[in-house]
Amino acid sequence: METTNKPLEKLNIFSFKGIQMQTFHLTWMAFFLCFFGWFGLAPLMTIVKTDLGLTKGQIGNIIIASVAATVVARIAIGKLCDSWGPRKTYSALMAICSIPVMTVGLVHTYEGFLLFRLAIGVIGASFVITQYHTSVMFDKKIVGTANAVAGGWGNLGGGVTNMVMPLIFAGFIGAGYLPESAWRLAMIVPGVMLLAFSFLYYRFTKDTPAGNFEDILLTNTKAVKTKGSLAIAAKDPRTWALFLAYGACFGIEITFDNIAALYFFENFNTTLAVAGILAGTFGFMNLFARAVGGIIADKVGNKYGMIGKGKLLALLLALEGTGIAIFAQSGSIVVAVITMLAFAMFLKMANGVTYAIVPFVNQKAIGSVSGIVGAGGNVGAVLAGFLFKSSEITYSQAFVYIGVAIACVAAIVALVNFDKTSEVITEVNPLEAIEA
């Protein structure tokens, strides 16, 4: 494959040649590690609950805290991508957030743990940079697929975390540490990996196929025009439709990542290890499910345009909502797992379709649109978290309410005309000088 300084028109996942593919692989790997650090505590919550003496309401607050900070962080990070560049932004985010991940084990009170969970949640903004970076590296014909694969493989970190963190915890137990010490030591592992990878990302990626923002500015003073990108993104109703959609798919995904192990452990009396494996299976579907959504979205888009992509997203959300409602009524673990896999497929495909639409909303504000839509995912997670915090409803009832809410969002998305153009899309790239 010939190296080029333009966005690629093909995605060869087995290639590492050229700055585009090098950046693609480092981007999804960075997102994978960020997810690992973000949700590393989730499969250990049964141990943390006992150690800190947490109530159901306090666990609900912790779940909300883990995703709440990300709402503001994603909007801010999206703006930074447009102005400062994804390379510096990602490297700084990983380095800074590795600190609370590594040191969360220092806390011994509910209040301290809550604050640390809030701080760790900032790392969820990594998704916005992942989607921005792949958007500028690939042509509009393939950008939906590239975004979906990078996002899906990164989200895979949520599934692997549920499987691996209990093993790391068990390793420290085997080394002679008590459970109240082992979970604290286990969190050092993802923290160290994040810090090391921040240096790799800075060294081996570039902001765009044509180079870093500062290099492009030296050769063309018109290269980057990002003033007011957040306002441009916020004025477009399509941005907010996607905000709702992402809250209904990704927002529920990270809520499920947080609650799944505890749900299986308490509702079906599984062991901690089995609960972690079942919860991990949900996340592991990101290996292919989100990518499938992106691939289908690109094909639908090429044939039916943005209207087709919008209808596809609405359909997947409707199926997801139905699947979650059925899952909530499962009376056996076998039925629960089967229905979980079904709604997970639709949910993760909807994730991929959402970000196959995002780069086409406004080429001058890709980072800001991506940030606002990404924040929508966390708003959805925060709202869902309040349901799981309530002492008056069960976890199963909470899932039913969520299913109904998703169906309502699907109806709204179906009514939106995503083909409306506030900006003519000629290239999925925020830099006017790339073609120069």
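## Ground rules

In this predicted model, local features need pLDDT of at least 70 and side-chain atom pairs count only at pLDDT 80 or more, while totals for chains, interfaces and linings use all residues. Residues are numbered from 1 along each chain as its sequence is written, and side-chain values use heavy atoms, leaving out hydrogens and water.

## Rings that meet

Let's start with the aromatics. The whole structure has 32 aromatic pairs (Phe, Tyr or six-membered Trp rings with centres within 6.5 Å; planes under 30 degrees apart are stacked, over 60 edge-to-face, the rest tilted). Trp28 and Trp153 make an edge-to-face pair, 5.2 Å centre to centre with 80° between the planes. This pair links distant parts of the chain, 125 residues apart: Trp28 sits in helix 1 and Trp153 in helix 7 (helices are DSSP runs of H or I, at least four residues, and strands are runs of E, at least two, numbered from the N terminus). Both Trp28 and Trp153 are buried (buried is under 20% relative accessible area, exposed over 50%, partly exposed in between, with a 1.4 Å probe and protein chains only).

Helix 1 also holds Phe31 and Phe35, four residues apart, or about one turn of the helix.

## Cysteines on their own

Cys97 counts as buried because its relative accessibility is 4%.

## A loop residue

Asn269 lies in the loop between helix 12 and helix 13. Its phi is near 55°, a positive value in a residue other than glycine.
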